[in-house]
Amino acid sequence: MTIAIYPGSFDPITYGHLDIVERAVKIFDEVIIAVMFNPSKHPMFTVDERRQLIRSATSHIKNVRVDSFPGLLVDYMSIVHANVIVKGLRAISDYESEFQMASMNRKLNPAAETFFMATSSHYSYLSSSIIKEIAMYGGNVTDLVPLHVEQALRDKLQPNKEH
Ligand code: PNS
């Protein structure tokens with residue numbers, strides 16, 4: 001049984017993330033989507049909110065679990081007995097930091113293998129940050145995130161507005 005972890009900030013989950021999840025579940029027995037802490041980011045959604053948004057977005061997929069962990073990814077992997085880290089690569093620009101993280105994770109735990117998947121070309125320009133920016137200025141994110149995520153962005157950004 002191969003358990004893979006798909007870690008990230010997921011602030012919030014996008015169709016780009018879902019593309020990776022939907023393809024990863026065909027390769028691994030179980031995929032755990034883990035909301036982790038990235039000290040260089042200041043999230044808009046709480047960990048609970050992010051977990052809930054991911055759960056709703058992946059409720060149609062059987063072999064997916066959604067979780068969060070406040071520490072090192074390699075420590076979480078030991079707890080859930082996973083050896084594979086799944087990452088989506090959008091462009092060459094992602095490669096440098098992803099290569100560094102993959103190498104560091106393998107140094108911390110030699111059994112931790114990172115499995116890179118190329119993001120589908122129609123999502124290669126997507127990121128949670130750019131989606132938040134578009135939503136912040138009232139732009140349309142309909143084709144970029146599931147409906148409930150779009151709603152959550154609206155609620156977060158315009159909490160007093162009637163829908
Ligand atoms: O979606 P992101 O923010 O690019 O994901 C980065 C993330 C959260 C996967 C990374 O920051 C992480 O693994 N955080 C957990 C703490 C950790 O293990 N850091 C060392 C990474 S080598």
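A residue is counted as near a molecule or strand if one of its heavy atoms lies within 4 Å of it. Of the 13 residues around the ligand, Ser9, Phe37, Asn38, Lys41 and Leu73 come nearest. The model is predicted, and local features need pLDDT of at least 70, side-chain atom pairs count only at pLDDT 80 or more, and totals for chains, interfaces and linings use all residues. Residues are numbered from 1 along each chain as its sequence is written, and side-chain values use heavy atoms, with hydrogens and water left out.

In the side chain of Ser9, an N or O atom is 2.5 Å from an oxygen atom of the ligand. Phe37 contributes a backbone N or O atom, 2.9 Å from a ligand nitrogen atom, while a backbone N or O atom of Leu73 lies 2.8 Å from a ligand oxygen atom. On its own the ligand has 540 Å² of accessible area (Shrake-Rupley method, 1.4 Å probe), of which the protein covers 80%.

The next topic is the interior. A nonpolar core is a set of buried Ala, Val, Leu, Ile, Met, Phe, Trp, Tyr and Cys residues joined through side-chain atoms within 4.5 Å; buried means under 20% relative accessible area, exposed over 50%, and partly exposed in between (1.4 Å probe, protein chains only). The largest core has 34 residues, among which Tyr6, Val64, Val86 and Leu153 touch the most other members. Among the elements that each supply at least two residues of this core are strand 1 (3-8), helix 1 (15-24), strand 3 (64-69) and helix 6 (147-157); helices (H or I, at least four residues) and strands (E, at least two) are DSSP runs, numbered from the N terminus. A second, separate core of 13 residues includes Ile5, Phe69, Ala82 and Ala112.

Aromatic rings of Phe, Tyr and Trp (its six-membered ring) pair if their centres lie within 6.5 Å, with planes under 30 degrees apart counted as stacked, over 60 as edge-to-face and the rest as tilted. By this rule there are five aromatic pairs. The ring centres of Phe28 and Phe115 are 5.1 Å apart and their planes stand at 85°, so this pair is edge-to-face. Because Phe28 lies in the loop between helix 1 and strand 2 and Phe115 in strand 5 (residues 113-118), the pair ties together parts that are 87 residues apart in sequence. Phe28 is buried, at 8% relative accessible area, whereas Phe115 is partly exposed, at 30%.

Terms used: A polar contact is a pair of N or O atoms within 3.5 Å; within protein, one must be able to donate a hydrogen and the other to accept it, and residues adjacent in sequence count only if both atoms are side-chain atoms.
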